[in-house]
Amino acid sequence: MVEPRTVVPPAPARTRTSRRGRREALTGYLFISPWIVGFLVFTAGAMIYSLVISFSRYNLATNTARPAGLDNYAQLFTDPRVATSLGNTLFYAVLAVPLEILVALGLAALLNQAGRGAGFFRTIYYLPKMTPAVATAAVFFLLLNGNTGAVNQFLGIFGIEGPQWLVDPTWIKPSIVLMTLWGVSGTMVIFLAALKNVPRELYEVAELDGAGPWRRFRNITLPMISSAVFFNVIVLSIAAFQVFDQAYLLFWRDQSNASPEASLFYAIYLFQQAFRQFDFGFAAAMAWLLFVIILLITAVQMRFGSRFVYYEGGRD
C-alpha cells in the first residue's frame, strides 16, 4: 500500500523577497561597517565628548576638569574677541562665496567652449587645487607685499598705487579672498560637469528664436545648472565659516600677538583657545556655537534657495 506524499506548499513570494532584501541589506551594512565605526567613534563620539566638556573647565595642559555649568556659553557673549572673529568671518563669507561662484562659473564656461585642448586646460586650471596650502601662502605673501609685491607693481603700470594688502586692515580680508580664489578649481569642475549636461538642442532652438548670448545664459544655462549653483553655495558657505589655513599661514603662524585683528577669524580664535590657552571647555563651546550658526544658515539656504532650483524630473 502506497502512503500518500506530503506536499509542502512553496514559500510565498513575499517571504522570499523579504529574506533576499534582508540578506542584501546585511551585506551592504557589512561593506559600510568601517565607515559606520569611524563615524561613531571619530565624529559622533567626538561631538558628544566636546558637548560634555563644553560644560566644564577642562585644561589640557594639566589634564584637569571641573564643572562650569553654562559659564563657557555665557563667556561667548562677553568675550569681545568672539564677536570680532565672528564679524570677520561673516564679512569674509559674504565677500568670498559670491566671488568664488562667479569666478568658477566663468572658468567653467570658458572650458566648456574649449575644443581639442579642453583636457589640457582642465588639468592646468586644476593644478592650483593640488598645491599645498603652505606653498600657496608663501607665494601670496610675496605677491601681496605692499612695497615689492608683483600685484602692486602690476597696478603701478597703470598708475594705480596698490594698497598695503597684508598691513592695512581694510585690505586684509580681500587679500585672503584672493588667496582663496586661487583654489577655486574644485568648484569649477562641478560647474563644468553641469554645463556639459545642458542639452544643446535648447541653445539651437533659442538661437532660431533670436535669443542673444545673455538671454540664452539667463533663460537656459542658469536654470539648467541651478542645482549645481545651489550645491556650491551651500558647500562654499560652510567652508567660509570654517576658514583657517589662509589667515593662519599669512598672519598667525609665528604666534605673534601683533597680528592684525582684521585677520582674526573664528576658527583661528577657537584654535588659540584650544591649543595655546589649553582651555578646551571654552573652545568646545565655541565649536558648538559655530555648529549652530552653520546649521541655521544652511537651513535658511535650503528653505529659500530650493525655490530657485530647476528640477528636470519635477519635485517629489
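Analyst: A salt bridge is counted when a side-chain nitrogen of Lys or Arg lies within 4 Å of a carboxyl oxygen of Asp or Glu. Asp279 forms such a bridge with Arg57, and the closest N and O atoms are 3.4 Å apart. The two partners are 222 residues apart: Arg57 belongs to strand S1, whereas Asp279 is in the loop between H13 and H14. Helices (H or I, at least four residues) and strands (E, at least two) are DSSP runs numbered from the N terminus.

The model is predicted, so local features need pLDDT of at least 70 and side-chain atom pairs pLDDT 80 or more, while totals for chains, interfaces and linings use all residues. Residues are numbered from 1 along each chain as its sequence is written, and side-chain values use heavy atoms, with hydrogens and water left out.

How exposed are the two partners? Asp279 is buried, with a relative accessible area of 17%, whereas Arg57 is partly exposed at 22%. Here buried means under 20% relative accessible area, exposed means over 50%, and partly exposed is in between (1.4 Å probe, protein chains only).

The wider setting is a boundary between two domains, whose bounds come from an automatic or database assignment. Domain 1 covers residues 25-72 and domain 2 covers residues 80-306. Twelve residues of domain 1 and 10 residues of domain 2 take part in the contact, where contact means heavy atoms within 4.5 Å. The C-alpha centres of domain 1 and domain 2 are 30 Å apart. About 930 Å² is buried between domain 1 and domain 2, and carbon and sulfur atoms give 69% of this area. Buried area is the accessible area (1.4 Å probe) that two parts lose on being put together, summed over both.

Between domain 1 and domain 2 the count is one salt bridge. Three residue pairs in polar contact are also found across this interface (both residues at pLDDT 80 or more). A polar contact is a pair of N or O atoms within 3.5 Å; within protein, one must be able to donate a hydrogen and the other to accept it, and residues adjacent in sequence count only if both atoms are side-chain atoms. On the side of domain 1 that touches domain 2, helix H1 (13-53) and strand S1 (56-59) are the elements that give two or more residues. The residues of that side divide into six nonpolar, five polar and one charged. In this grouping Ala, Val, Leu, Ile, Met, Phe, Trp, Tyr, Cys and Pro are nonpolar, Asp, Glu, Lys and Arg are charged, and the others, Gly among them, are polar.

Arg57 has a further partner. The side chains of Arg57 and Asn72 are joined by a polar contact of 2.9 Å. Asn72 lies in helix H2 (residues 71-76) and counts as buried, at 0% relative accessibility. Residues up to four places away in sequence set aside, Asn72 touches Ile53, Ser54, Phe55, Ser56, Arg57, Gly281, Phe282 and Ala285. The C-alpha atoms of Asn72 and Phe282 are 5.1 Å apart in space, although 210 residues separate them in sequence.

Phe278 is partly exposed, with a relative accessible area of 31%. Most residues other than glycine have a negative phi. Phe278 is not a glycine, yet its phi is positive, at about 60 degrees.

For context, a search of the whole structure finds two salt bridges. One of them joins Arg81 and Glu261, with the closest N and O atoms 2.9 Å apart. Arg81 lies in helix H3 and Glu261 in the loop between helix H12 (245-252) and H13, so this pair ties together parts that are 180 residues apart in sequence. Arg81 is partly exposed, with a relative accessible area of 26%, and Glu261 is partly exposed at 37%.

Helix H3 (residues 80-113) also contains Asn112, which is buried at 18% relative accessibility. The side chain of Asn112 makes a polar contact of 3.5 Å with the side chain of Lys196.
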